[in-house]
Amino acid sequence: MGSAAASPPPSGKMSQDELKRVAAHRAVEFVEPGMTLGLGTGSTAAHALDRLGDLLRAGALPGVAGVPTSLKTELHAARVGIPLLPLDGARIRLSIDGADEVDPDLNLVKGRGGSLLREKMIEGAGERFVVIVDESKLVPRLGCTGAVPVEVVPFGAPHTLGLIRKVFDGFPGFHARLRTVADGDLGSAPFVTDNGNYIVEMFFEDGIRGDLQDVSDRLLRITGVVEHGMFLGIATTVIVANTDGTVTVLHRKSKLI
């Protein structure tokens, strides 16, 4: 993993949202006219969409179009004037998205917002993947700060949840649950992704220790699991907005694990 020198800090203290905007605008500097982009989902990626829309309206990025990673992003991109394309046949030159966690090897946890499957399909298909985060997202191990999501089919979801729990027998403090949302008089109901699936949330007392690729393989071998939120070896660049207002750019030498 390489790094670029941090840029000088702006004057005054910046909020977390301002830091997200700084990182997003820096990522958009990688965009060139004529590119097809993977358009990420979430609060940080939203700043990149807004910036892209501004530049497109100003005529600075002719020929740029995007493949959205969620229905929410599709609506946002259309609203700011970004032309949209389907994934089918698109040559994605660059994807820009946020992350929930970034480890020292630039592996990621993504999808706490529920868009992990489309994000991984689109960002994994692209030539480059630029991740935009603030400093709070840097972790020593994946799974340190919150849920690691797993998308599962609705049929037999409690059974699939039980099989996921078996993968982590013996992990200290591990627990998993189906994500739910408030549902009026019914109390709660399963959260449903854009693909009509459910989300299992996995929690770890001190992050995932051991071989991440082995953990990935064991999860994906479970019938009923669609995909998980560990993005291993996919990110090529991570742009970090630091709490002091500087920006650090980290590079991976290769996309291969």
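1. Helix 1 (residues 16–28) and helix 2 (residues 43–57) have axes that come within 8 Å and cross at roughly 50°. Axes here are lines fitted to C-alpha atoms, for helices over the stretch in contact, and angles run from 0 to 180 degrees between N-to-C directions. Helices (H or I, at least four residues) and strands (E, at least two) are DSSP runs, numbered from the N terminus. The model is predicted: local features need pLDDT of at least 70, side-chain atom pairs count only at pLDDT 80 or more, and totals for chains, interfaces and linings use all residues. Residues are numbered from 1 along each chain as its sequence is written, and side-chain values use heavy atoms, with hydrogens and water left out.

2. Helix 1 and helix 2 are therefore oblique to each other; angles under 35 degrees count as roughly parallel, over 145 as roughly antiparallel, 65 to 115 as roughly perpendicular and the rest as oblique. Helix 1 passes helix 2 in a right-handed crossing (the near helix is turned clockwise from the far one by less than a right angle). On the helix 1 side, the contact (heavy atoms within 4.5 Å) involves Asp17, Lys20, Arg21, Ala24, His25 and Val28. These meet Ser43, Thr44, His47, Ala48, Arg51, Leu52 and Leu55 in helix 2. The residues of this contact divide into five nonpolar, four polar and four charged. Ala, Val, Leu, Ile, Met, Phe, Trp, Tyr, Cys and Pro count as nonpolar, Asp, Glu, Lys and Arg as charged, and the others, Gly among them, as polar.

3. Helix 2 also packs with helix 3, at an angle of about 25° and with the axes 9 Å apart. The two are therefore roughly parallel to each other, and their crossing is right-handed. Helix 2 contributes Ala46, Leu49, Asp50, Gly53 and Arg57, and helix 3 contributes Thr73, His76 and Val80. By class, this contact has three nonpolar, three polar and two charged residues.

4. Three strands form an open sheet in the order 5-6-14, with antiparallel pairing (two strands pair if DSSP finds at least two bridges between them). Strand 5 (101–102) and strand 14 (230–231) stand at the edges with a single partner strand each, so one side of each is left without a neighbour in the sheet. Strand 6 (residues 108–109) is joined to strand 14 by two bridges, and Val109 stands opposite Met230 in strand 14.

5. An open sheet of four strands has the order 9-12-8-13, and its pairing is antiparallel. Its edges are strand 9 (175–178) and strand 13 (225–228), each with a single partner strand, so one side of each lacks a neighbour in the sheet. Neighbouring strands are turned by 25° against each other on average, direction ignored. Five bridges join strand 8 (residues 148–152) to strand 12 (residues 198–203), where Glu151 stands opposite Ile199.

6. Two helices lie across strands of this sheet. Helix 5 (residues 157–167) lies across strand 8, strand 9, strand 12 and strand 13, and runs at about 165° to strand 9. Helix 6 (residues 212–220) lies across strand 12 and strand 13, running at about 160° to strand 13.

7. A search of the whole structure finds 13 salt bridges (a side-chain nitrogen of Lys or Arg within 4 Å of a carboxyl oxygen of Asp or Glu). One of them joins the side chains of Glu127 and Arg91 (2.7 Å, N to O). Glu127 lies in the loop between helix 4 (116–125) and strand 7 (129–134) and Arg91 in the loop between helix 3 (71–80) and strand 4 (94–97), so the pair ties together parts that are 36 residues apart in sequence.
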